[in-house]
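Here is a brief report on one model. Please look at the sequence and the structure before reading on.

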Amino acid sequence: MTTTTPETASNTSSDATQHYDVAVIGAGPAGTAAALRAAELGASVVVLEAGRLGGTCVNTGCVPTRVLAKTARLVRETRSAGDYGVHVNAPTVDWAAVVERVHERVDAVRSIKREAGRFAEAGVDLIQEGRARFVDDSTLVLDSGRRISATSILVCVGGHSRRLPVPGNELATVPEDVLSLPELPRRVAVIGAGNTGAQLVTVFNAFGSDVTLLDVAPRILIASDASIAEVVTTAFEGQGVDVHTGISTVESLERAADGAITITWKEGDESLSREVNAVIMATGWPADVEDLGLENAGIEVVRSSIPADRYFRTSVPHIFSIGDANGRDMLVQAAQFEGEAAAENAVLGANRRTPHHLLPAGGFTDPDYAGVGLTQEQAREQDPGCVVARVPFSAVDRAVIDDRESGFLLLIADRRRELILGAHAVGENAIEVVQSVTTAMASGVDVATLANVRFAYPTYSAVIGMAARVLLAEAAVAVDRD
Ligand SMILES: Cc1cc2nc3c(=O)[nH]c(=O)nc-3n(C[C@H](O)[C@H](O)[C@H](O)COP(=O)(O)OP(=O)(O)OC[C@H]3O[C@@H](n4cnc5c(N)ncnc54)[C@H](O)[C@@H]3O)c2cc1C
Ligand SMILES: NC(=O)c1ccc[n+]([C@@H]2O[C@H](COP(=O)([O-])OP(=O)(O)OC[C@H]3O[C@@H](n4cnc5c(N)ncnc54)[C@H](O)[C@@H]3O)[C@@H](O)[C@H]2O)c1
């Protein structure tokens, strides 16, 4: 679909290059937020999108992954229904039907996002004529040959999965393509135990696949608080997942005679291998910079991303790098936040930053995990006297009612209990619990106030009030020692 409203764009050159105040490359969460905010501020705006509107999140990332997580949850709930006196047959997974349902739910979410309609309502031109490429630092050319120039260019191109450069890597499936697997793999190796890999482990484990998880990092979920990662690792192992962290390298993937894939990796001096039916590489997310012509605009790529300063300006100040493209916090909530801030900086010449310490994130594994703010390690570095409360879910009535006692909430405060520095949860509803703490942090609520908030009974969020009350006691001890 191509939509242009020439009255908002002035043709300024004889070769019919259309000129705008702001050109946005990419209509994922970053580009969509940026374009709508720039238009709201009165700029003439064009969005250039090479693929499906909505970007990675809705089409191949968060939304399909979350539908798979829901499906995995249904399988687990069905298996344990007997514990509550509900007797059902053991669940079986019809992979083709699962895939169909994921596509159907993705379409349903797309239909409420309606980026094209929102662009039209805001007077934003949308051009879908292939990939945009820099001709110089103010001009872009599309695959169709159409040329666009702009006073400011917002690069919101997102990224893609990284394939390890090992022999046989073409045999692997990347997370964006998981739904293209022809059948549910009986045995699967997941390489990479970040947010993507960990969630896929839970999905395939629940679906009945034998899962092997490999990572070069010393532990899974390396960006999360170490205590959270420990609980998820123990849970994975208890569920029969073969977890190998701290491996030296994946050596090769080879097609075996029976059609299976032999994956070989090195662990210390030992070479190990497994025969599996699918290998999923969830080993990182470089920005989509290939063929973007960044060199024509004088912009360098550093470690597979387009670096930006705290105001999202690249080394060329009227070109901005936002969302996954800048390689910082690769989350939808970051992309949207950054998009709005960068649009204001581009249109108003403002210096808006985003509060990155207030970005909650988590994953739908079994159990769920989530975090916001500083981890314990980071908090202790910043304030060695900081106070940490840890309340197990086994002390929360609702978790006991639901038979979900595994897990805990960690609440971290500064030594004077004025500030909540971080919150990390693992267990049922961990993400919603951490989200509530984030709301408190964003509103500047201190620990004492949080301790006095009433939580509906029986809820998982009640753990927040319990942790705040423990913190008060702990903090009092820490302050006394000063
Ligand atoms: C499996 C998976 C699960 C995830 N789950 C979550 C989650 O639960 N929660 C969360 O917060 N985050 C999650 N993420 C991360 C989230 O999807 C990204 O952080 C988010 O989509 C980034 O938004 P973006 O706008 O920067 O990039 P994208 O969403 O990738 O959008 C970039 C857009 O730019 C377009 N484009 C690229 N190059 C060009 C070009 N040259 N010309 C024109 N258009 C171009 C692309 O077609 C795309 O539409 C997940 C990611 C993956 C892979
Ligand atoms: N629920 C969510 O919020 C969510 C879900 C998915 C992805 N994301 C975001 O998208 C981005 C990409 O996520 P991701 O999990 O794909 O990548 P990632 O970079 O977060 O994790 C990649 C993992 O692969 C491992 N790895 C790298 N090279 C390896 C090798 N040679 N052998 C074995 N392991 C290797 C790394 O140690 C790391 O643990 C992240 O920023 C993530 O936060 C968020």
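## Shell around ligand 2

In this predicted model, three elements each give at least two residues to the shell around ligand 2: helix H6 (195–206), strand E12 (249–255) and strand E17 (361–363). H6 supplies the largest share, 3 residues.

There are 23 residues around ligand 2. Gly 192, Gly 194, Asn 195, Thr 196 and Met 330 come nearest. By class, the shell holds 13 nonpolar, 9 polar and 1 charged residues.

## Open sheet

E17 also belongs to an open sheet of 5 strands. The order is E17-E18-E21-E20-E19, with antiparallel pairing. E17 and strand E19 (387–392) are the edge strands, each pairing on one side only. On average, neighbouring strands are turned by 10° against each other, direction ignored.

Val 387 has Ala 413 of E20 as its bridge partner.

Helix H7 (residues 226–238) lies across strand E18 (369–373), E20 and strand E21 (420–427). H7 runs at about 0° to E21.

## Packing of H1 and H9

Two packed helices are described by the angle and the distance between their axes. For helix H1 (residues 29–40) and helix H9 (residues 332–348), the angle is about 35° and the axes are 7 Å apart. Their crossing is right-handed.

On the H1 side, the contact residues include Pro 29, Ala 30, Gly 31 and Arg 37. On the H9 side, they include Val 332, Ala 335, Glu 338 and Val 347. By class, this contact has 11 nonpolar, 3 polar and 4 charged residues.

Terms used:
Residues numbered from 1 in each chain as written. Chains lettered and ligands numbered in written order. Predicted model: local features only at pLDDT ≥ 70, side-chain atom pairs only at ≥ 80, totals over all residues. Near = placed C-beta within 6 Å. Helix = DSSP H or I, 4+ residues; strand = E, 2+ residues; numbered from the N terminus. Nonpolar A, V, L, I, M, F, W, Y, C, P; charged D, E, K, R; others polar. Axes fitted to C-alpha atoms, helices over the stretch in contact; angles between N-to-C directions. Left-handed = near helix turned anticlockwise from the far one by under 90°. Contact = placed C-beta atoms within 7 Å. Pairing = 2+ DSSP bridges.
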